[in-house]
Amino acid sequence: MTLDLTFELIALLFFIAMLAGFIDAIAGGGGLLTIPALMWAGLPPTVALATNKLQACGGSFFASFYFVRKGMVKLGDMKLSIACAFVGASLGTIAVQMIDTAFLEVFLPFLMLAIGGYFLFSKKISEDDKLQVLTPGVFAFTAALGVGFYDGFFGPGTGSFFALAFVSLAGYGLAKATAHAKILNFSTNIASLIFFAIGGKVFWMLGGVMLIGQAIGATLGSRLVLTKGTKIIKPLVVVMSIVMSVKLLSAQYDLFAWL
């Protein structure tokens, strides 16, 4: 596709991607910034979604790399969950081309509010590991596969869903859950990108520029996860859950039509 790419536009999208990568590494929800920005730049919706997956891969990869390098994550222990998340996202990406997603738009805003409320009020949210509810194998075939499918099928809030699963089902402390959530999110991003690329929907040059911005933002955000932990993750997850809910509701019911 052709697009009038000025230096100013490229620079703006680069910095938006950097901010989105910073937010994503901590709480998820960076797509709230990048997808509207890509559509504002003139990309059709499907191309915007596909290009967003490319730049999101940069953020989730560098955040994952940082967490692994710092010893927060042992990839050997996550092989099955990574594979299940990949398969789930692949199936979701295929399914979204055949099934109407309107039913998700109805209840997803309220689900995001529930997640925000859980992170705000639950006493389980801390830096300390808690009782493990599911074994790693069961977790992989339920939470990793299910959230992976959701990411390929719809997407908003995937990072928050993964983090919630690790906290409530795997018994992880919040910083540890956030680190592991990025690993699975990278897996689902790659799966979706592959299928979008096969369909020829990715704007590679623009997505590549934004990928660099995402990488910078994600690295900075990842460092805050390790140094600030619950103090920064918890409030940002709550805020992003509320913001995502308002955005989804406004799109569905045209709440701000009077402006």
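Q: Which helices each supply at least two residues of the lining of the largest cavity?

A: In this predicted model, the helices that each supply at least two residues of that lining are α1 (7-26), α7 (158-168) and α8. The lining of the largest cavity consists of Asp 24, Ile 26, Ala 27, Gly 28, Gly 159, Ser 160, Ala 163, Thr 178, Ala 181 and Lys 182.

Q: How many cavities of 30 Å³ or more does the structure hold, and what is the volume of the largest cavity?

A: A cavity is a space where a probe fits but cannot get out. The structure holds 1 cavity of 30 Å³ or more, and the volume of the largest cavity is about 50 Å³.

Q: How do the residues of the lining of the largest cavity divide by class?

A: The lining comprises 4 nonpolar, 4 polar and 2 charged residues.

Q: Where does His 180 lie, and which residues does His 180 touch?

A: His 180 is placed in helix α8, which spans residues 174-198. With residues up to four places away in sequence set aside, the contacts of His 180 are Met 72, Val 73, Met 78, Phe 166 and Tyr 172. Because its relative accessible area is 5%, His 180 is classed as buried.

Q: Which residues lie nearest the centre of the second largest pocket?

A: A pocket, unlike a cavity, is an open set of points. Here 17 residues line the second largest pocket, and those nearest its centre are Asp 77, Met 78, Phe 166, Tyr 172 and His 180. Of these, Met 78, Phe 166 and Tyr 172 are also contacts of His 180.

Q: What is the volume of the second largest pocket, and how is its lining made up by class?

A: The second largest pocket holds about 250 Å³ of space. Its lining has 9 nonpolar, 5 polar and 3 charged residues. Helices α6 and α8 each supply at least two of the lining residues.

Q: How is a pair of aromatic rings described, and how many such pairs are counted in the structure?

A: The description rests on the distance of the centres and the angle of the planes. The count comes to 9 aromatic pairs. In one of them, Tyr 66 and Phe 67 have ring centres 6.3 Å apart and planes at 70°, so the pair is edge-to-face. Phe 166 and Tyr 172 form a stacked pair, with 5.3 Å from centre to centre and 10° between the planes. Both Phe 166 and Tyr 172 are buried, and both Tyr 66 and Phe 67 are buried as well.

Q: Which residues do ring pairs link into a cluster?

A: The cluster is formed by Phe 61, Phe 62, Phe 65 and Phe 186.

Q: How many salt bridges does a search of the whole structure find, and which side chains meet in a salt bridge?

A: Side chains of opposite charge can pair when their charged atoms come close. The search finds 1 salt bridge. The side chains involved are those of Asp 151 and Lys 53, at an N to O distance of 3.1 Å. This pair links distant parts of the chain, 98 residues apart: Asp 151 is in helix α6 (residues 136-153) and Lys 53 in helix α3 (residues 45-69).

Q: What separation do the C-alpha atoms of Phe 203 and Leu 43 have?

A: The C-alpha atoms of Phe 203 and Leu 43 are 8.7 Å apart, while the residues are 160 positions apart along the chain. Phe 203 sits in the loop between α8 and α9 (204-228). With a relative accessible area of 12%, Phe 203 is buried.

Q: How many helices and strands does the protein have, and what percentage of its residues count as buried?

A: The protein has 10 helices and 0 strands. Of its 259 residues, 49% count as buried. Among contacts with a separation of 6 or more, 83% are between residues 24 or more positions apart.

Terms used: Residues numbered from 1 in each chain as written. Predicted model: local features only at pLDDT ≥ 70, side-chain atom pairs only at ≥ 80, totals over all residues. Heavy atoms only, no water. Helix = DSSP H or I, 4+ residues; strand = E, 2+ residues; numbered from the N terminus. Buried < 20%, exposed > 50% of the residue type's maximum accessible area, 1.4 Å probe, protein only. Contact = heavy atoms within 4.5 Å. 1 Å grid on protein atoms, 1.4 Å probe; cavity = no way out; pocket = protein on both sides within 12 Å on 5 of 7 lines; lining within 4 Å. Points joined across faces, edges and corners; volume = space filled by probe spheres on them. Nonpolar A, V, L, I, M, F, W, Y, C, P; charged D, E, K, R; others polar. Salt bridge = Lys/Arg side-chain N within 4 Å of Asp/Glu carboxyl O. Phe/Tyr/Trp six-rings, centres within 6.5 Å; stacked < 30°, edge-to-face > 60°.
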